[in-house]
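Here are my notes on the model, point by point. Please read them with the coordinates open.

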Amino acid sequence: MKLEGTNTLPAPIETVWKTINDPEALRRCTPGLDELKEFEPDRYEATLRIGIAAVKGTYKGTLAITDKQAPSHCKLVLQGSGNSGFVRGEGVIDLEPQGDVTLVKWAGDLQVGGLIAGVGQRMLMGVGKMLIGQFFKCLEQQLGQGV
Amino acid sequence: MRHRNTYVPMSTRYFGARITRNEDPALLTGRGLFVDDVRLPAMAHAAVLRSPHAHARIRRIDARRAQAAPGVLAVFVHADLGPLGEPLPKLIPHPSLTYHKTQYALAPDKVRYVGEPVAFVVAESRYAAEDACDQVEVDYEPLPVAAMLEAAAAPGAPRVHDDMDSNVCAHYIQRVGNVEEAFARAPHRFRERFVIDRGASCPMETRGVVAAWDSRSRRLDVWDSTQAPIPIRNGLAEMFGLAEEDVRVIAPDVGGGFGPKVMMFYPEEVLVPLAAMRLGRPVKWIEDRREHLVATNQEREQIHDAEIAVDSDGRILGVRTVFLYDAGAYIPYGLIVPIVASTTLPGPYHIPNYHCEFRAVFTNKTMVSPYRGAGRPHGVFVMERLLDRVARELGLDRAEVRRRNFIQPDEFPYDVGLIYQDNAPLRYDSGNYPGCFDRALELIGYRDWPARQRAARDSGRWLGCGVACYVEGTGIGPYEGARVTVEPSGRVFVATGVGTQGQGHMTSFAQIAADALGVSPREVTVRTGDTGVFGWGTGTFASRAATVAGNAVALAAQAVADKSRTVAASLLEAPPDEIELAGGNAFVRGVPGRSMTLGALARTANPLRFTMPKEWEGPGLEAVRYFTPPQGTFSNGVHACVVEVDIETGQLTVERYAVVHDCGRVINPMILEGQIHGGVAQGLGGAFWEKLAYDDQAQPLSTTLMDYLLPTAAEMPPIEIEHMETPSPLNPLGVKGAGEAGVIPAAAVIAQAVDDALAPLGIQIAQTPLNPNLLWRLITEARRRS
């Protein structure tokens with residue numbers, strides 16, 4: 001499933017870059033992210049708890065931030081698995097300075113398998129968009145308060 | 001229904017009578033015995049951990065936490081299987097099947113489809129077993145996936161099996177005549193691509209296995225919702241090193257089979273007995289619906305590139321089809337489905353030159369093996385769609401095109417020139433194809449159709465009419481047998497290896513035996529599907545039970561009748577050919593007073609002391625007989641329908657559905673009609689609603705009945721049925737099979753009716769199943785163009 005979109009965040013590009021590379025901010029803003037532990041630079045162990053349609057599940061896995069070109073570009077690679085299947089995803093984030101604010105362009109490809117694919121696939125697009133929306137809304141609030 | 005259920009007086013034949021079914025009182029009052037009804041003391045329950053990946057290497061499995069979970073008795077992974085860790089048996093080999101891959105009971109190092117068993121957990125309850133499945137840690141390394149049939153067949157596709165150069169495991173060609181020459185000289189040639197997608201059989205009862213091992217008598221009892229208990233028994237005996245006599249497999253009441261339950265061995269059929277033997281406790285596993293939609297074999301996926309050559313009158317000069325067959329991840333059942341597809345395609349038509357060629361292709365999807373129709377719907381879809389194209393291109397009436405090409409009633413036996421699935425020549429034994437066709441046209445009102453359609457169009461309704469023909473290979477060998485016994489009570493006991501999954505064997509076989517012995521079918525008890533009762537046979541598949549087992553019952557019952565006459569003759573002091581059997585008695589013809597009951601004869605024939613006449617050839621009134629047909633027998637039929645398409649929503653309503661069918665002599669018209677009704681429901685489901693969707697990573701997307709749409713009573717049209725009876729010359733009863741008749745042409749007839757309804761928009765259907773979304777898209781695109 002491919003998802004893409006743009007959001008504008010109310011902070012200069014350096015601040016945004018710092019925030020999206022801050023494990024604590026990520027943990028706070030990623031819906032359902034229970035744990036995020038850095039086990040080597042830019043690689044995290046993550047525990048994610050999400051419900052898609054009737055399938056609520058906990059997924060353990062890793063999140064890696066690669067291809068970093070500060071302050072404008074990075075790639076996120078996520079994989080997790082749990083009782084209700086597995087999640088694999090890749091996302092690319094590009095930041096563009098626009099004066100005091102920053103334009104975030106994001107694009108990702110998400111794959112799910114097992115029970116969540118069979119039962120939840122119809123809802124996945126909607127759920128994915130909702131979760132990403134929540135993520136940026138939270139970032140927006142954090143940046144709004146911080147600046 | 002026109003006919004009422006009537007009891008036929010004792011003196012007439014039961015064969016052909018519309019009598020209610022012997023099995024129904026128990027089934028309708030909840031007293032059936034299905035596998036899940038087997039409840040044994042100290043029974044444990046199993047659950048299967050299945051792969052969530054379509055293709056992945058298993059780096060590591062750790063079952064320690066699962067083993068320690070509450071209520072867990074044992075967890076099996078591949079390493080625990082011992083000698084059972086080899087690939088499961090290859091069922092039906094074929095010289096063209098170069099890579100006969102079968103799956104393992106539990107995947108050793110690689111999984112090849114979503115749903116492939118990885119671990120097997122046995123616990124005190126199903127609840128505990130399912131919870132413990134979640135505790136098994138499996139580290140998968142995802143691999144590139146061969147998801148879509150055509151892409152999987154291409155060079156360079158991700159390979160399902162590492163030791164193969166490609167995913168093509170078989171390449172098979174059959175030819176009749178000189179196709180190249182026929183196409184070269186033909187004035188008209190039309191080429192089409194037809195895509196047939198996946199479906200599931202969805203029996204009401206999913207699969208299930210219960211096994212109990214008695215360590216003192218060293219006997220294994222297995223209850224299995226299978227269509228083939230005897231081959232399962234034989235295979236289990238071999239795998240576990242037991243005598244066949246010490247393994248008993250019972251297929252009790254089975255709530256629908258439809259083909260996938262004739263597959264063997266499913267992993268659970270090995271794992272449940274293994275667990276029962278290791279634990280010394282009975283073990284039960286019942287497949288749930290979500291498992292069923294990934295773990296039970298599926299069918300139908302094929303892509304045909306087909307071409308037809310005709311003369312200017314629409315007479316067929318040649319047909320060619322080159323197709324891909326999606327086998328799924330393994331191919332235990334061999335090439336039956338694509339062989340049946342390519343040999344059903346010629347149907348009731350003269351095709352002097354024919355080339356059929358297929359490649360069987362592995363993909364990372366659930367395995368494929370026969371599902372009701374088993375390739376026949378594909379062949380018919382391709383042939384009927386080609387003829388529709390011919391009619392359209394040449395401006396001929398579609399009925400007339402068919403009429404010009406029919407094999408005529410005086411041409412039987414008719415040799416098509418191919419080898420059929422039973423490895424015998426494809427030779428039609430009998431039939432009346434034009435007669436059947438004319439009856440169907442009359443039933444559906446074909447002559448007045450154009451006027452009716454015009455009137456409907458004038459009022460804004462989009463109606464279409466379809467008519468499609470098929471010839472159905474049925475009643476194939478190798479053999480079936482039956483034992484018929486008259487009990488001292490006078491009741492007749494019939495045992496055969498061919499199990500029933502709802503086809504009415506307890507009644508049809510009873511009717512056959514009743515006629516031979518002069519008793520009522522109510523006095524006949526039929527036992528099937530229990531290797532402890534009858535241990536020779538192959539299974540219920542390919543519409544063969546009535547023909548193969550039915551004739552075995554007839555032969556055995558006839559032998560018992562002869563023996564009864566012999567015994568009665570010595571007691572009643574008359575020659576055997578003067579003895580008549582009727583009303584449960586044996587009596588001297590013309591002297592009804594000189595009679596004995598069959599029960600008394602049976603008791604007399606089994607003396608406790610003294611001597612026995614030599615001509616009795618042994619005790620009791622009992623005989624075992626086998627029937628070994630020389631080849632299959634060929635039923636035929638025509639389906640016709642009227643549909644309405646809502647062009648705003650793409651919804652399809654089947655207004656009328658007519659079936660004219662010839663399966664030789666009919667044993668019980670009511671049972672036959674039930675078979676056709678069920679078949680039409682599955683056929684229409686497969687033509688319009690049911691589609692197993694997979695995403696491009698071969699993740700199944702329709703694993704609930706919310707996503708996999710089965711037709712319900714609300715979608716079903718009334719079905720009008722007429723029987724024609726052209727007896728088969730190949731068996732004593734003159735019968736042919738009927739089990740798949742309702743399904744076979746459904747997709748073809750619906751496609752033609754939709755074409756007809758949407759003709760003003762120029763829409764031609766080349767795929768099946770359809771669905772409202774797809775039709776809506778086709779309609780919308782066509783309207784935009786025009």
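1. Among contacts in chain A between residues at least 6 apart in sequence, what percentage join residues at least 24 apart? The share is 52%. Two residues are in contact if their C-beta atoms, placed from the backbone, lie within 7 Å.

2. Some ground rules. This is a predicted model, in which local features need pLDDT of at least 70, side-chain atom pairs count only at pLDDT 80 or more, and totals for chains, interfaces and linings use all residues. Residues are numbered from 1 along each chain as its sequence is written, while chains are lettered from A and ligands numbered from 1 in the order in which they are written.

3. Chain A has three helices and seven strands. Read from the N terminus, the order is β-α-α-β-β-β-β-β-β-α. Helices (H or I, at least four residues) and strands (E, at least two) are DSSP runs, numbered from the N terminus.

4. Now the overall form of chain A. A compact globule of 147 residues would have a radius of gyration near 15 Å, and chain A agrees, with 15 Å. That radius is taken over C-alpha atoms, and the globule rule is 2.2 Å times the number of residues to the power 0.38. The C-alpha trace spans about 45 × 30 × 25 Å along its principal axes. Of the 147 residues in chain A, 27% are buried. Buried means 20 or more other C-beta atoms within 10 Å of the residue's own, exposed means 12 or fewer, and partly exposed lies in between, with C-beta atoms placed from the backbone.

5. The contact between the chains takes ten residues from chain A and twelve from chain B. On the chain B side, four are nonpolar, five polar and three charged. Here Ala, Val, Leu, Ile, Met, Phe, Trp, Tyr, Cys and Pro count as nonpolar, Asp, Glu, Lys and Arg as charged, and the others, Gly among them, as polar.

6. Chain B is assigned domain 1 (24–30 + 477–627), domain 2 (35–143 + 201–295) and domain 3 (373–475 + 631–785). The bounds come from an automatic or database domain assignment.

7. The largest nonpolar core has 258 residues. Such a core is a set of buried Ala, Val, Leu, Ile, Met, Phe, Trp, Tyr and Cys residues joined through C-beta atoms within 7 Å. Helix α15 (residues 545–572) of chain B supplies the largest share, 15 residues. Ala513(B) is among the residues with the most contacts inside this core. Beyond four places in sequence, Ala513(B) touches Val484(B), Val492(B), Val494(B), Val524(B), Val553(B) and Ala557(B).

8. Check Cys133(B), in helix α3 (residues 126–133) of chain B. Cys133(B) counts as buried because it has 24 C-beta neighbours inside 10 Å. Leaving aside neighbours within four places in sequence, Cys133(B) contacts Ala47(B), Leu49(B), Ala119(B) and Val121(B).

9. Helix α13 (residues 449–458) of chain B is another matter. Zero of its ten residues are buried, so α13(B) lies largely in the open. Just after α13(B), Gly460(B) takes a positive phi of about 85°.
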